[in-house]
Amino acid sequence: MNALDPRLRGDDDSTMPHPRDILLGAQAQAGFLPVCDHYSGVEVRMRKSLALQAELMQEFGACVFDVSLDCEDGAPVGGEAEHAALVTELALQAQPGARVAVRVHPVDHPAFEADVATIAGRAGHRLSHIMIPKAESPADIERAVRAIDAAGAKQLPVHALIESPAAVHRAFDIAAHPRLQSLSFGLMDFVSAHGGAIPSAGMGVTGQFTHPLVVRAKLEISSACHAHGKVPSHGVVTEFKDQAAFGAAARKAADEYGYTRMWSIHPDQIRPILEAFAPTDNEIETAAGILQAAERADWAPISHGGKLEDRASYRYYWQVLERAHRTGRLLPNDVRGWFTAPRP
């Protein structure tokens, strides 16, 4: 089985209750997102990102990464309104099934209200979410939600960036907001906010996983998300030429820091993120076997491979299959039907 095999979907006419309906309760993550969130803000790169997303949708049979169109760093000073109009048009032109988001300006920026009115007002029905940068408190999330709702996009989820020491302190409260779907860590601004107390190496591919203040912030954000069933998204790793170093960083974010999603800022980072966050072939086979046996037992406890398995472990193994699906992995024939029909 290839690590990123495009053959993903199959047909299943089963009328049995769906594992999501049975297993995902109060202790489970509230939603599942593609493991890669790809950012671009310059027009030519935004168009290329959307084209690449369409290509990979064809290859894998699923939308395996989000495209986030950037207003905060992408809009030229004085050209915020024109840039907002541009990203709105790009979002509206995206292919059916594509996941497109927009990062607007921070809530205290003069362009924030206009960004939201234009983008959510015209393309809210087409967006997967809106990203709010430099979120400092739950009040910032609430202000963003009110603006989005006023634009007529009351269904639109909100993602937020934690970028300061004070925001890290409030991460659990921010993550608790019911409209918030995901929190990301803004490494560069976080390091800069310390006035030189964190060396520049703390922004690098190695130092961001070793400096104690950065490590603490990453763990706080990840823990806050898991406490409230939200998606923790690991932020920027700027090295994209050194694929080995980047791949190691992505695996560390996934395996040691509890992140289930990661930013890409260059097309060469997308596939390494998919690889790092995907379960192994053995993990997929084990999860599929246990869940099939659990379904046959009507989800009561079972003995499987000499071990006791019950609802708690079933939930874990279901999430393994969810990750496999969202990273374009080949699923065993007997469980593909769980992923064929669109579900909330």
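A: The buried residues of α3 are Glu-80, His-83, Ala-84, Leu-86, Val-87, Thr-88, Leu-90 and Ala-91. Buried means under 20% relative accessible area, exposed over 50%, and partly exposed in between (1.4 Å probe, protein chains only). The model is predicted: local features need pLDDT of at least 70, side-chain atom pairs count only at pLDDT 80 or more, and totals for chains, interfaces and linings use all residues. Numbering runs from 1 along each chain as its sequence is written, and side-chain values use heavy atoms, without hydrogens and water.

Helix α3 covers residues 80–93, 14 residues in total. From first to last C-alpha it reaches 20 Å, close to the 20 Å expected at 1.5 Å a residue. (The expected span is 1.5 Å times one less than the number of residues; helices are DSSP runs of H or I with at least four residues, strands runs of E with at least two, numbered from the N terminus.)

What surrounds α3? Its buried residues pack against α2 (43–60), β2 (65–70), β3 (100–103) and α4 (112–123).

Take α2 among these partners. The α2 and α3 axes lie 11 Å apart, at an angle of about 15 degrees. Axes are lines fitted to C-alpha atoms, for helices over the stretch in contact, and angles run from 0 to 180 degrees between N-to-C directions. The two helices are therefore roughly parallel to each other. (Under 35 degrees counts as roughly parallel, over 145 as roughly antiparallel, 65 to 115 as roughly perpendicular, the rest as oblique.) The crossing of α2 with α3 is right-handed, the near helix being turned clockwise from the far one by less than a right angle. On the α2 side, the contact uses Glu-43, Met-46, Arg-47 and Leu-50. On the α3 side, it uses His-83, Leu-86, Val-87, Leu-90 and Gln-93. Contact means heavy atoms within 4.5 Å. By class, there are 5 nonpolar, 2 polar and 2 charged residues. (Ala, Val, Leu, Ile, Met, Phe, Trp, Tyr, Cys and Pro count as nonpolar, Asp, Glu, Lys and Arg as charged, the others, Gly among them, as polar.)

Helix α2 also packs against helix α11 (residues 270–277). Here the angle is about 40 degrees and the axes are 13 Å apart. So α2 and α11 are oblique to each other. This crossing is right-handed. Leu-52, Leu-56, Glu-59 and Phe-60 of α2 meet Ile-270, Arg-271 and Leu-274 of α11. That contact has 5 nonpolar, no polar and 2 charged residues.

Now helix α13. It spans residues 311–326, with 16 residues. It reaches 23 Å, close to the 22 Å expected. Its buried residues include Tyr-314, Tyr-317, Trp-318, Leu-321 and Arg-326. The buried residues of α13 pack against α1 (19–23), α12 (281–296), β9 (302–304), β10 (307–309) and α14 (333–336). Just after α13, Gly-328 takes a positive phi of about 75 degrees.

The loop between α12 and β9 holds Asp-298 and Trp-299. Asp-298 has a positive phi of about 55 degrees, although it is not a glycine. Trp-299 has a positive phi too, near 65 degrees. Asp-298 counts as exposed, because its relative accessibility is 57%. Trp-299 is buried, with a relative accessible area of 7%.

Last, Arg-261. It sits in strand β8 (residues 261–264). Its relative accessibility is 0%, so Arg-261 counts as buried. Arg-261 and Ala-94 are 167 residues apart in sequence and 22 Å apart in space, C-alpha to C-alpha.
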